Amino acid sequence: MTRTSRASDVALSNDKRRRAWAKRAPKYDRSIGFFERRVFGTDSRAWACAHAKGETLEVAVGTGLNLPLYDADVRLTAIDLSPQMLQIAKQRADEIDRAADLQEADAHQLPFVDASFDTVVCTYSLCNIPDPHRAVGEMKRVLRPGGQLVLVDHIRSSVKPVLWLQKLIEFFSMRSEGEHMTRRPLEEVEAHGFTVTQRERLGPGAVVERLVAERNS
Ligand SMILES: C[S@@+](CC[C@H](N)C(=O)[O-])C[C@H]1O[C@@H](n2cnc3c(N)ncnc32)[C@H](O)[C@@H]1O
């Protein structure tokens, strides 16, 4: 999908994601856990949540794997497109007694007024959200000036053979569930004029990038 897609394309792509996650939701924790242990690394969730301060929005919260990792004084709102993923996140929040306002919503049209959050967190989701350019623009809109955007995602490798493998996997994963392997969220963050304050790549083939960026104005 090209930068800033048509609204009708986004709606169709969202429908495809909803259908895919309705099926995948019960198995998601096991499958992402496997990839985190073997490829992505297991400390990035705690790293991301440690940056959350004050009014915090998690975009595309999924099954809520980050919920136990936020400090108790973080006031948390989280959205996801998939009712089935959110249902699991709600169960998790209840089980661990984590107060959080969990809502079904679209990352391309966040249902919040401008400049309402101190921190926006998004982990392993800009690879799946249909239009990452628009989604990062929405993240910027709801952040207060000086607020921080915290992203963790798998990205295209800088190692050629790994990149070729990612392209092969992406050929199938984009068609089946809209999952991208070769995106680079950093490009969207820079295009929206954020100041990147922390950035590191990790994992085999440097396929994971985590970054913190500040909304200037
Ligand atoms: C790979 S999962 C990641 C879940 C979670 N962030 C994590 O770290 O485990 C991708 C999530 O993105 C959500 N998603 C995809 N498109 C979205 C959209 N347009 N708006 C909100 N959430 C979306 C999916 O429903 C799914 O829960």
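This is a predicted model: local features need pLDDT of at least 70, side-chain atom pairs count only at pLDDT 80 or more; totals for chains, interfaces and linings use all residues.
Angles under 35 degrees between the N-to-C directions of two axes count as roughly parallel, and this cut-off bears on one helix pair in the structure, H1 and H3.

**Packing of H1 and H3**
- Helix H3, which spans residues 83–95, packs with H1 at an angle of about 30°, and the axes of the two helices are 7 Å apart.
- Because that angle is under 35 degrees, H1 and H3 are roughly parallel to each other.
- On the H1 side the contact is made by Trp21, Ala22, Ala25 and Tyr28, which meet Gln84, Met85 and Ile88 on the H3 side.
- Six of the residues in this contact of H1 with H3 are nonpolar and one is polar, while no charged residue takes part.

**Surroundings of the ligand**
- The ligand is surrounded by 21 residues, of which Ala60, Gly62, Leu81, Ser82 and Ala107 are the closest.
- Helix H1, running over residues 7–40, supplies four residues to this shell, which is the largest share.

**Burial of H4**
- Helix H4, covering residues 132–142, is mostly covered, with eight of its eleven residues buried.
- The buried positions of H4 are Pro132, Arg134, Ala135, Val136, Glu138, Met139, Lys140 and Val142.

Conventions:
Residues are numbered from 1 along each chain as its sequence is written. A residue is near a molecule or strand if its C-beta atom, placed from the backbone, lies within 6 Å of it. A residue is buried if 20 or more other C-beta atoms lie within 10 Å of its own, exposed if 12 or fewer, and partly exposed in between; C-beta atoms are placed from the backbone. Axes are lines fitted to C-alpha atoms, for helices over the stretch in contact, and angles run from 0 to 180 degrees between N-to-C directions. Angles under 35 degrees count as roughly parallel, over 145 as roughly antiparallel, 65 to 115 as roughly perpendicular and the rest as oblique. Two residues are in contact if their C-beta atoms, placed from the backbone, lie within 7 Å. Ala, Val, Leu, Ile, Met, Phe, Trp, Tyr, Cys and Pro count as nonpolar, Asp, Glu, Lys and Arg as charged, and the others, Gly among them, as polar.
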